[in-house]
Amino acid sequence: MHTIDKEQFGHFVAALRKERGLTQKDLAEQLYLSDKAVSKWETGGSMPDIAVLTPLAEVLGVTVAELLACRRLEGQQPMDSNEVDHLVQKALHLSEGEADNLPRKKRVAQYLLFLCLGAAELGAVFALRRMLNDPLLLVPVLLGAVFGAYFFLFAGGRLPTYYDENRISSFSHGPMRLNLSGLVYFNNRNWPHILRVCRIWCGCMIALWPLLYLGAATLLPDIWQARGLQLCLAIILGGLFVPIVVVGRKYE
């Protein structure tokens with residue numbers, strides 16, 4: 001199989017780091033990453049993005065080929081074609097498989113679970129207050145369901161390489177559009193975290209919004225009647241874009 005043994009890779013990186021007298025924080029700072037990312041590599045919890053391999057190899061004093069092979073390549077004799085092909089396949093597998101580590105079947109199951117919870121809660125709200133004709137109840141749930149279909153089922157785990165080579169603050173894929181006007185520049189370091197935020201937001205809109213609506217309409221009827229639309233927009237937009245900006249800039 002053309003896969004990298006995560007534990008073997010982690011042990012190799014840890015050994016090289018210690019040889020050079022670096023702490024995990026030192027290595028992380030030189031790569032502009034968090035020390036938690038380095039810790040996950042070394043414990044076999046995750047693999048670095050393919051874009052990080054070259055600077056990682058330079059800092060550790062080895063070649064990218066040695067990183068992928070998880071060992072030092074002795075001597076100056078060139079590798080044969082089979083060895084080269086094996087390493088290339090490892091790199092391709094890393095670029096395709098590590099960006100989004102949540103399996104598709106699990107994402108589908110999560111999305112369906114959110115839909116079931118949302119439908120049950122809408123039924124409960126209707127039974128208690130008969131408010132299914134209120135757009136402030138239905139629109140957020142529908143937005144969560146529509147965007148959730150994209151982020152759970154169709155969003156790619158990796159961005160095209162030109163996102164890593166340029167400062168791009170807009171994302172476009174099919175009908176989906178995200179434009180953050182310079183607040184965040186999308187790349188393959190922050191994209192998995194942005195995806196996670198978007199999925200959490202969609203799940204909350206589907207499965208939690210009916211309960212929030214019912215609580216606000218029941219406990220704060222005067223405020224909700226006067227300011228319901230503004231509060232709804234603040235929760236919907238703020239709950240999505242603020243976390244995107246925070247994690248996007250943190251891992252940018």
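Biologist: Does E66 count as buried or exposed?
Modeller: This is a predicted model, and in it E66 has its place in helix α5, which covers residues 64–69. A residue counts as buried when its relative accessible area is under 20%. The relative accessibility of E66 is 10%, and therefore E66 counts as buried.

Biologist: Which residues is E66 in contact with, leaving aside its neighbours within four places in sequence?
Modeller: One of these residues is F12, which is 54 residues away from E66 along the chain, although the C-alpha atoms of the two are separated by 9.6 Å. Once the neighbours within four places are left aside, the residues in contact with E66 are F12, R71, R72 and L73.

Biologist: Where is C70 found, and what is its phi near?
Modeller: C70 is found in the loop between α5 and α6, and its relative accessible area of 7% is the reason why it is buried. Its phi is a positive value in a residue other than glycine, and that value is near 60°.

Biologist: How are the axes of helix α7 and helix α11 arranged, roughly parallel or roughly antiparallel?
Modeller: Two packed helices are described by the angle between their axes and by the distance between the axes. The axes of α7 (residues 104–129) and α11 (residues 209–219) come within 9 Å and cross at roughly 25°. Angles under 35 degrees count as roughly parallel. The two helices α7 and α11 are therefore roughly parallel to each other.

Biologist: Which residues of α11 meet α7?
Modeller: On the side of α7, the residues taking part are G118, E121, L122, V125, L128 and R129. By class, this contact of α7 with α11 has 7 nonpolar, 2 polar and 2 charged residues. The residues of α11 that meet α7 are P210, L211, L214, A217 and T218.

Biologist: What covers the buried residues of α11?
Modeller: The buried residues in α11 are W209, P210, Y213, L214, A216 and A217. Their cover includes α7, α8 (135–154), α10 and α12 (221–250).

Biologist: How far apart are the C-alpha atoms of L137 and L212?
Modeller: L137 has its place in helix α8, and it counts as buried because its relative accessibility is 0%. Along the chain L137 and L212 are 75 residues apart, while the separation of their C-alpha atoms is 9.4 Å.

Technical notes: Residues are numbered from 1 along each chain as its sequence is written. This is a predicted model: local features need pLDDT of at least 70, side-chain atom pairs count only at pLDDT 80 or more; totals for chains, interfaces and linings use all residues. Side-chain values use heavy atoms; hydrogens and water are left out. Axes are lines fitted to C-alpha atoms, for helices over the stretch in contact, and angles run from 0 to 180 degrees between N-to-C directions. Helices (H or I, at least four residues) and strands (E, at least two) are DSSP runs, numbered from the N terminus. Angles under 35 degrees count as roughly parallel, over 145 as roughly antiparallel, 65 to 115 as roughly perpendicular and the rest as oblique. Contact means heavy atoms within 4.5 Å. Ala, Val, Leu, Ile, Met, Phe, Trp, Tyr, Cys and Pro count as nonpolar, Asp, Glu, Lys and Arg as charged, and the others, Gly among them, as polar. Buried means under 20% relative accessible area, exposed over 50%, partly exposed in between (1.4 Å probe, protein chains only).
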